[in-house]
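Let's walk through this model together, starting with confidence and then turning to charged side chains.

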Amino acid sequence: MFNFFRRSPEPVAESRPQASAQDDAPGVKFSGLDDPALLEYIRGGDPAVGQYVRGMKALRNMAVLRCVSLISESIGMLPLSLIRRDETKAPAKEHPAYRLLRTRPNGWQTPYEFKSQMQLSALINGNAYARVVWSRGRPIALVPLDFDAVDPKLTDDWRMVYRYTRKDGNQVELQAHEVFHLRDLTPDGIQGLSRVRLAREAIALAQQTERAAARLFRTGVMAGGALEHPKTLSDAAYRRLKESLREEHSGAENAGKWMLVEEGATAKKFTDSAADSQQIENRNHQIEEVARSFGVPRPLLMMDDTSWGSGIEQLNIFFLQYGLQHWFTAWEEALARVLLTEDDQDELHWKFNERALLRGTLKDQSEAFAKGMGAGGHAPWYTQNEVRDWQDLPRVDDPTADKLPPRSNQKETKNEPAQTA
């Protein structure tokens, strides 16, 4: 057994204080008395429109859940490789860090699970931490750490240290090379900002609009119309009318059927009120506000049917460039900072394979590969084996399969001399 965490010389018996022990408690939860949000909350007076939204409780809002799951799952499923900087661009499989992000980060998680968990924490809390376990100068495991149990500090000699509070209350001090730290936007370069905290007003308002809709369906009048009668219906007519409504005009199978009314009664259908339309508009607006805070296009929240179809490729490119590309850079540089030495960084670099999100249809792939291999007079930039690798096909045991093919249907570029009669 390895002892991954060293005790500090002066262990602290108590962990950082919290205002609420349970995430579901009615009180507001802070990470400690030094939490900047505590002073902000005290100054605010009114608790942020409804309730102070923080942490994983924000996932109860469907717009937040969709944005966070979309980004986290995309980061989790994309291959992340350690690539050589030379002309071969080959994966550095012999490096010990390669295995951590490709096959097994630790003893109980897959690479997808580890990357998704870290990305989730970064989106919700602004920071994600993982303990780097070293053995004889080689990284052998990445262990996720609880966000609330890690306190990053920059010392007077410009060194990053992380004070980690264990479950038994003891604290250990970890050096920069022992912690993988993934930050979101940061004003000081030490801790990232929580997007949930920054957008808490929009999220709180979105949750309140959901509660208002739930109250409407639970306690509001949902009748679709009324039967008006100039006089009082007889008991027999009233009884027959109720039975007819219940047996012949209720349920999906009776939709659109005509009703027979008695004794001069007339039917009057209720129309949607301006308040109902305003409520729907408010809910859609709050969904847009939440999506804007996470950088997710509105159609990816399943709101616009018109953006699907021929525009799906451009939508994927938009999401990749403006919603994921900055996270790719954050991951690649954070991993290089903690897992690669200065000599390694001169020869190796981390790289996400974002092409997995841009494959398109089989027809589009075929056209792109054909052009890449020199069809139509284009200068080739793909080899046969490269294309087969991307399609998960076995490589061809032929020397020409690893060389760029010649152009096909190449047009002459020189002007032929004019022929005279």
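Among the elements of the protein chain, mean pLDDT (the predictor's confidence in each residue, from 0 to 100) is lowest for helix H1, residues 36-44, at 59, and highest for strand E7, residues 179-183, at 97. Helices (H or I, at least four residues) and strands (E, at least two) are DSSP runs, numbered from the N terminus. Residues 11-26 have a pLDDT below 50, and this stretch makes 30 contacts (heavy atoms within 4.5 Å) beyond near neighbours in sequence. Residues 412-416 also fall below 50, with zero such contacts in the model. The chain averages a pLDDT of 78, and 69% of the residues score at least 70.

A word on conventions: this is a predicted model, where local features need pLDDT of at least 70, side-chain atom pairs count only at pLDDT 80 or more, and totals for chains, interfaces and linings use all residues. Residues are numbered from 1 along each chain as its sequence is written, and side-chain values use heavy atoms, leaving out hydrogens and water.

Now to the salt bridges (a side-chain nitrogen of Lys or Arg within 4 Å of a carboxyl oxygen of Asp or Glu): the count comes to eleven. One of them joins Asp-184 and Arg-195, at 2.7 Å from N to O. Asp-184 sits in the loop between E7 and helix H5 (195-198), and Arg-195 in helix H5, eleven residues apart. Asp-184 is buried at 8% relative accessibility, and Arg-195 is buried at 12%; buried means under 20% relative accessible area, exposed over 50%, and partly exposed in between (1.4 Å probe, protein chains only).
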